[in-house]
Protein chains: 2
Amino acid sequence: MYAVIFTAKIKHTDNEYFATANRMRELATSYGCVAFNAACEDDKEIAISYWSNLEQIKVWKQDPEHKAAQALGKTRWYSEYKVQIVRIEHEYDAREL
Amino acid sequence: MYAVIFTAKIKHTDNEYFATANRMRELATSYGCVAFNAACEDDKEIAISYWSNLEQIKVWKQDPEHKAAQALGKTRWYSEYKVQIVRIEHEYDAREL
């Protein structure tokens with residue numbers, strides 16, 4: 001299992017920011033994203049999407065609607081952001097810790 | 001580079017919750033944690049710590065003060081939580097996307 005960790009510093013939000021965030025979740029799911037988790041606090045945003053394989057992530061990265069959202073994110077909504085593609089090595093929940 | 005993704009559903013916070021969160025960051029740094037990023041929104045918490053190797057994470061997991069905090073987390077602060085240990089495969093920032 002893989003995950004894409006998106007971390008950003010928000011400079012501005014508007015209606016389109018929220019609509020785009022929702023639309024991107026929908027679109028990611030159509031590319032194979034199996035789970036999604038996100039939290040915003042003050043000007044900080046963390047969003048993690050989970051995927052079965054790297055190929056799906058690569059195709060998702062190239063989607064034209066996703067690329068348009070990335071461009072808007074860069075110019076309008078975020079002062080900085082970072083994307084990390086990670087492989088899950090181990091996983092525990094509260095019962096095992 | 002590795003990361004530990006902690007995701008939780010908060011059921012209750014108190015002064016000790018915030019003090020412990022700060023103390024855990026301090027303590028993790030002393031075990032080799034090189035960066036930290038977290039956001040809470042409503043009852044959701046996401047915290048990501050970054051590490052150079054898996055051995056440091058293993059030792060950190062066994063620290064007695066950390067184990068006491070985990071026990072408190074389980075009984076007092078969180079209704080559920082999950083820990084994922086991940087390896088960073090690729091990383092991009094806004095300049096490259």
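# Briefing: the contact between chains A and B

In this predicted model, 29 residues of chain B are in contact with 29 residues of chain A, where contact means heavy atoms within 4.5 Å. Between them, chain B and chain A bury about 3,300 Å², 58% of it on carbon and sulfur atoms. Buried area is the accessible area (1.4 Å probe) that two parts lose on being put together, summed over both.

Residues are numbered from 1 along each chain as its sequence is written, while chains are lettered from A and ligands numbered from 1 in the order in which they are written. Local features need pLDDT of at least 70, side-chain atom pairs count only at pLDDT 80 or more, and totals for chains, interfaces and linings use all residues, with side-chain values using heavy atoms and leaving out hydrogens and water.

**Polar and charged links across the interface**

- The rule finds two salt bridges across the interface of chain B and chain A; a salt bridge is a side-chain nitrogen of Lys or Arg within 4 Å of a carboxyl oxygen of Asp or Glu.
- One salt bridge joins the side chains of B:Lys82 and A:Glu91, at 3.8 Å from N to O.
- Between chain B and chain A, 15 residue pairs are in polar contact, both residues at pLDDT 80 or more.
- A polar contact is a pair of N or O atoms within 3.5 Å; within protein, one must be able to donate a hydrogen and the other to accept it, and residues adjacent in sequence count only if both atoms are side-chain atoms.

**Elements that supply the interface**

- On the side of chain B that touches chain A, at least two residues come from each of β1 (2-10), β2 (35-41), β3 (44-51), α3 (64-77) and β4 (78-93) of chain B; helices (H or I, at least four residues) and strands (E, at least two) are DSSP runs, numbered from the N terminus.
- β4(B) gives the largest share of this side, 13 residues.
- By class, this side has 15 nonpolar, five polar and nine charged residues; Ala, Val, Leu, Ile, Met, Phe, Trp, Tyr, Cys and Pro count as nonpolar, Asp, Glu, Lys and Arg as charged, and the others, Gly among them, as polar.

**Strand pairing**

- Strand β4 (residues 78-93) of chain A pairs with β4(B) in the antiparallel sense over eleven bridges; two strands pair if DSSP finds at least two bridges between them.
- In β4(B), B:Val86 stands opposite A:Ile88, and B:Asp93 stands opposite A:Lys82.
- Within chain A, strand β1 (residues 2-10) and β4(A) pair in the antiparallel sense over nine bridges, and A:Tyr2 has A:Arg87 as its bridge partner in β4(A).
- Within chain B, seven bridges join the antiparallel strands β2(B) and β3(B), which form a hairpin with two residues between them.

**Relation of the two copies**

- The same surface serves both copies, as 100% of the contact residues of chain B recur in chain A.
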